[in-house]
Amino acid sequence: MKKSTGNQLHNGVHASAQQIWQAGLDAFAKTQKKGGKVISKLAKDSSSLQKRTRQIAEDQVSDVSAGLHKMSGRVSKQAAESWNSLEQLIEETVTRSLTSLGLSTQNELLALHKRIDALIKPVSKKTVAKKAAKKTSAKKAVAKKTVAKPAAKKKVAVKKTVTRAAKKTIR
């Protein structure tokens, strides 16, 4: 009895193993058929998901970029305003310092130069006219020495007159 029971057991195990093997092959075949379809579907889904994700990311980057651009504009405007305020403060401080020391500012010196130029123009026109007259009289004069000495004295007199006028306008 032992042999027949052992044979039956062996045959039963063998039949079960064959059935398991057969079931595994069936499952494998079905998985291969359906697996290709599943992989295709997953690829399509991931492609559409990738497109949506990329669009969302681009929108976010665009929004952030626009925000940064606006912020940089505000920051540069504030920096320019601060710089202008600082320049004005420095100019005012320098002007007060120069005034307290009794020195003239650039604007005062420019105004003084304009006044001096206005005083010199009429005098120099007269000098040019006098020089022209002297040249013609010098040609007529016999001795150059007598003509040169009065001309030199007149130049000194014109310079003194201009200097006096400039001093009066400064005061």
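What is the mean pLDDT of the protein chain, and what share of its residues reach 70 or more? The mean is 76, and 74% of the residues reach 70 or more; pLDDT is the predictor's confidence in each residue, from 0 to 100.

Some ground rules. This is a predicted model, where local features need pLDDT of at least 70, side-chain atom pairs count only at pLDDT 80 or more, and totals for chains, interfaces and linings use all residues. Residues are numbered from 1 along each chain as its sequence is written, and side-chain values use heavy atoms, with hydrogens and water left out.

Now the fold. The protein chain has 3 helices and 0 strands, in the order α-α-α from the N terminus. Helices (H or I, at least four residues) and strands (E, at least two) are DSSP runs, numbered from the N terminus. Where pLDDT is low, the predicted coordinates should not be read in detail.

Next, the surface. Of the 171 residues, 4% are buried; buried means under 20% relative accessible area, exposed over 50%, and partly exposed in between (1.4 Å probe, protein chains only). The accessible surface comes to about 15,500 Å², and 62% of that belongs to carbon and sulfur atoms. Areas come from the Shrake-Rupley method with a 1.4 Å probe; for residues, only the protein chains shown count as cover.

Two patches to finish. Like charges are joined within 9 Å, nonpolar side chains (Val, Leu, Ile, Met, Phe, Trp, Tyr) within 5 Å.

Trp83, Leu86, Leu89, Ile90 and Val94 make a nonpolar patch of about 490 Å². Leu89 lies in helix α1, residues 2–101, and is partly exposed because its relative accessibility is 47%.

Terms used:
Patch = residues over 30% accessible without salt bridge, like charges linked within 9 Å, V, L, I, M, F, W, Y side chains within 5 Å. Salt bridge = Lys/Arg side-chain N within 4 Å of Asp/Glu carboxyl O.
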